[in-house]
Amino acid sequence: MNLIIRLLVTAIVAYLLTMILPGVHFSGFGGAIIFSIVLGILNLIVKPILNLLGLPLTIITLGLFALVINAIIILIADYFIDSMVVDGFWWALIFSILLSLITSLANSMFSDRD
């Protein structure tokens, strides 16, 4: 159930961000749900590989390269999803920063208080 809530929170936040950011577009809320599923799969499979390959740059830049890796993941998701359009790298970077900040805050509100 926790996974479904996290996917739904990510989809809602992503859809709301597209209303604020003019460089990221979804065709509808269904596209945002598909995006959250694809993003979860990419974070599970591709992101660890990119983190490993980018480890020297991440160390040199004191962790800032991790933001670039997140933007690359957003651009890869854009490539696979027809109902999503990202207008460029900088929009993907801004979108990924805002998405990660807002979803982490929202997920902390909905997390179990055990």
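This dialogue walks through a few features of a predicted model.

Visitor: What should I know before I start reading?

Guide: The model is predicted, so local features need pLDDT of at least 70 and side-chain atom pairs count only at pLDDT 80 or more, while totals for chains, interfaces and linings use all residues. Residues are numbered from 1 along each chain as its sequence is written, and side-chain values use heavy atoms, with hydrogens and water left out.

Visitor: How many aromatic pairs does the structure hold, and how is such a pair described?

Guide: A pair of aromatic rings is described by the distance of the centres and the angle of the planes. Rings of Phe, Tyr and Trp (its six-membered ring) pair if their centres lie within 6.5 Å, and planes under 30 degrees apart count as stacked, over 60 as edge-to-face and the rest as tilted. The structure holds five aromatic pairs; one of them joins F26 and F35, which are tilted at 55 degrees between the planes and lie 5.5 Å apart, centre to centre. Y79 and F80 form an edge-to-face pair, with 5.3 Å between the centres and 75 degrees between the planes. Ring pairs also link F26, F35 and F95 into a cluster.

Visitor: Are F35 and Y79 buried or exposed?

Guide: Buried means under 20% relative accessible area, exposed over 50%, and partly exposed in between (1.4 Å probe, protein chains only). F35 is buried because its relative accessible area is 0%, and F26 is buried at 13%. Y79, in contrast, counts as exposed at 67%, and F80 is exposed at 54%.

Visitor: Where does α2 have a kink?

Guide: Helices (H or I, at least four residues) and strands (E, at least two) are DSSP runs, numbered from the N terminus, and the bend at a residue is the angle between axes fitted to the seven residues ending there and the seven starting there. In α2 a kink of about 45 degrees lies at V46, shortly before the proline P48. The buried residues of α2 include F35, L39 and L42.

Visitor: Which residues are closest to the centre of the largest pocket?

Guide: Rolling a probe the size of a water molecule over the atoms shows where empty space is left. On a 1 Å grid over the protein atoms alone, a pocket is an open set of points where a 1.4 Å probe fits, with protein on both sides within 12 Å along at least five of seven lines, and lining residues have an atom within 4 Å of a point. The largest pocket has a volume of about 330 Å³, and of its 17 lining residues the closest to the centre are T10, L39, N43, L99 and T103.

Key
Grid points are joined across faces, edges and corners, and a volume is the space filled by probe spheres set on the points.
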